[in-house]
Amino acid sequence: LHPPEELCKLMKCRKPAGSWCQVVEESGIRVPKCLCPKACPRLEAAPVCSVVGKSYLNQCLLHKEACRKRRKIGVAHNGQCVEVKAACSEEEYNQFPFRLLDWFVQLSEISRNGKISQATKQVCMSQAERLQLAEWQFHTFDRNKNGKLGQRELKKFRYKHMPLEHCARKFLQSCDIDGNRKIILKEWLSCLVLRSETWYE
């Protein structure tokens, strides 16, 4: 049998919204349970960065705010959120969609085979294959399946997967061609695949 602390690590708390797993005692038995924290130790400094780019002194405070707002706030990584101050050069900016697609190739390999194949190279892929790859990743990021990547989904993508990438914000903003603060699939494919081809050709 797993101890309750280990079971807590495996539990995914969905209700109440924003809750996290804590070990509590019920009828003399210690059990894992999803709870909203009522109080948090202010002196316990174990900072975490949320997927929307806000730092919290500890994970308890993150879940306390999430419960107050009645929404899930995920942890991007341990430690304070990193404020990227380096400027994105024109060359790095133009290269970014190509590098992003390279990363998607690796994610696709891991998803299908459980490992990265050195034989799979983006430059060897046809445009149709790159479009298919970009579309697959779009639907992965589109958590609410509404066919659009909103600001919250884009922030989660940036802070969880590439917090130190100083060209990510500028690039993703440029993909919002109509300026409505959402990226639809057509904008995503044009921004990512077509622009990556102009860089390496």
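K69 is partly exposed, with a relative accessible area of 44%. Partly exposed here means between the two cut-offs: buried is under 20% relative accessible area and exposed is over 50%, with a 1.4 Å probe and protein chains only. One caution before I go on. This is a predicted model, where local features need pLDDT of at least 70, side-chain atom pairs count only at pLDDT 80 or more, and totals for chains, interfaces and linings use all residues. Residues are numbered from 1 along each chain as its sequence is written, and side-chain values use heavy atoms, with hydrogens and water left out.

Back to K69. Its side chain meets that of E65 in a salt bridge, at 3.2 Å, N to O. The rule for a salt bridge is a side-chain nitrogen of Lys or Arg within 4 Å of a carboxyl oxygen of Asp or Glu. K69 and E65 are 4 residues apart in helix α2, so about one helical turn separates them. Helices are DSSP runs of H or I with at least four residues, strands are runs of E with at least two, and both are numbered from the N terminus. E65 is buried, at 13% relative accessible area.

Now the other pairs. The structure holds 6 salt bridges. One of them joins E5 and R30, at 2.4 Å, N to O. E5 sits in helix α1 (residues 4-10) and R30 in strand β2 (residues 29-35), so this pair ties together parts 25 residues apart in sequence. E5 is partly exposed at 35%. R30 is partly exposed too, at 44%.

Another pair is E165 and R99, at 3.0 Å, N to O. E165 lies in the loop between α5 (151-161) and α6 (168-175), and R99 in helix α3 (residues 90-113), so the pair ties together parts 66 residues apart in sequence. R99 is partly exposed, at 31%. There is also a network: salt bridges that share partners join K54, E65 and K69.

Next, the whole chain. How many helices and strands does the chain have? It has 7 helices and 7 strands. The C-alpha atoms fill a box of roughly 65 × 35 × 30 Å along the principal axes. Of the 201 residues, 35% count as buried.

On to domains. The chain is divided into domain 1 (4-78) and domain 2 (90-198), with bounds from an automatic or database domain assignment. Their centres, over C-alpha atoms, are 30 Å apart. The contact (heavy atoms within 4.5 Å) takes 10 residues from domain 1 and 6 residues from domain 2.

The two domains bury about 680 Å² between them, 58% of it on carbon and sulfur atoms. That area is the accessible area, with a 1.4 Å probe, that two parts lose on being put together, summed over both. In domain 1, V51, V52 and A76 lose the most area to domain 2, together 59% of what that side buries. Across this interface the rule finds 0 salt bridges.

Last, two buried residues. H63 lies in helix α2 (residues 59-69). At 10% relative accessibility, H63 counts as buried. Leaving aside neighbours within four places in sequence, H63 is in contact with G18, S19, W20 and P37.

I183 lies in strand β7 (residues 183-184). Is I183 buried or exposed? Buried, at 1% relative accessibility. Not counting residues up to four places away in sequence, the residues I183 touches include F138, L149, L172 and W188.
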